[in-house]
Amino acid sequence: MYYVNHDQINVRLQFLPTITQACAELTKQWALTQPSEQLLLHLAQERILHLAIETVTDVGSLLIDAFMMRDASSYEDIVEILAGERVFDDETASVLKRLVQLRRPLAQDFATYPRESLHPLIGELPAVLTAFAESVPAFISREMV
């Protein structure tokens, strides 16, 4: 039998609506703010993206630990393993791969990260994170049978 850390997975999945709400609020504020006054919005955007990355990869790592019995070698590998195990569809996998590719620039290259516009993922994340939050429990249910 698998050990699935349901508590940790659920805590993270329950946080996803906060991220999707933040994406919506950021998008609204962005439209109302002049480019010269958007520094705080840029920094908020970076944090939203970073939280989305960490939440998805934390859940992914917990699933991999529980079901796949192997270690991911990178953040992208986490998404690829989950996609390969059919945790979510290819469209979700594609967006999540683009998301996790931002981790290094956001976490390590923050001083030179471009702060020019609203990142396209901010508009895509609400639907993708909702799909992710629905697909994870469905995957666990399938695997626990």
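This is a predicted model: local features need pLDDT of at least 70, side-chain atom pairs count only at pLDDT 80 or more; totals for chains, interfaces and linings use all residues.

Biologist: Let's step back a bit. How many helices and strands are there in the protein?

Modeller: The protein has six helices and zero strands, and reading along the sequence gives the pattern α-α-α-α-α-α. Its radius of gyration is 16 Å, close to the 15 Å that the globule rule gives for 145 residues, so the protein is as compact as a globular protein of that length.

Biologist: What box do the C-alpha atoms fill?

Modeller: Taken along the principal axes, the C-alpha atoms fill a box of roughly 55 × 25 × 25 Å. Of the 145 residues, 40% count as buried, and among contacts between residues at least 6 apart in sequence, 72% join residues at least 24 apart.

Biologist: Back to α6, then. How does α2 pack with α6, parallel or antiparallel?

Modeller: The axes of α2 and α6 are 12 Å apart and the helices pack at an angle of about 15°, which makes α2 roughly parallel to α6. The crossing of this pair is left-handed.

Biologist: Which residues make the contact there?

Modeller: From α2 the contact uses Q45, I48, L49, A52, V56, V59, L63, F67 and M68, while α6 brings L121, I122, L125, L129, F132, V136, F139, I140 and E143. Sorted by class, the residues of the contact of α2 with α6 are 16 nonpolar, one polar and one charged.

Biologist: What about α3 and α4, how do they cross?

Modeller: Their axes come within 9 Å and cross at roughly 170°, and α3 and α4 are therefore roughly antiparallel to each other. In this pair, Y75, E76, V79, E80 and A83 in α3 meet A93, L96, K97 and V100 in α4, and the residues of the contact divide into six nonpolar, no polar and three charged.

Biologist: Now some single residues. Is T20 buried or exposed?

Modeller: T20 is buried, with a relative accessible area of 17%, which is under the 20% cut-off for that class. T20 lies in helix α1, residues 6-32, and, leaving aside its neighbours within four places in sequence, T20 is in contact with L125, P126, L129 and T130.

Biologist: And R70, where is that found?

Modeller: R70 is found in the loop between α2, residues 39-68, and α3, residues 75-84. With a relative accessible area of 40%, R70 is partly exposed.

Biologist: What does R70 touch?

Modeller: Not counting residues up to four places away in sequence, R70 touches I64, I81 and E85.

Biologist: One last thing: how many Å apart are R70 and F139 in space?

Modeller: From C-alpha to C-alpha, R70 and F139 are 17 Å apart in space, and they are 69 residues apart in sequence.

Notes:
Residues are numbered from 1 along each chain as its sequence is written. Side-chain values use heavy atoms; hydrogens and water are left out. Helices (H or I, at least four residues) and strands (E, at least two) are DSSP runs, numbered from the N terminus. The radius of gyration is taken over C-alpha atoms; the globule rule is 2.2 Å times the number of residues to the power 0.38. Buried means under 20% relative accessible area, exposed over 50%, partly exposed in between (1.4 Å probe, protein chains only). Contact means heavy atoms within 4.5 Å. Axes are lines fitted to C-alpha atoms, for helices over the stretch in contact, and angles run from 0 to 180 degrees between N-to-C directions. Angles under 35 degrees count as roughly parallel, over 145 as roughly antiparallel, 65 to 115 as roughly perpendicular and the rest as oblique. A crossing is left-handed if the near helix is turned anticlockwise from the far one by less than a right angle, and right-handed if clockwise. Ala, Val, Leu, Ile, Met, Phe, Trp, Tyr, Cys and Pro count as nonpolar, Asp, Glu, Lys and Arg as charged, and the others, Gly among them, as polar.
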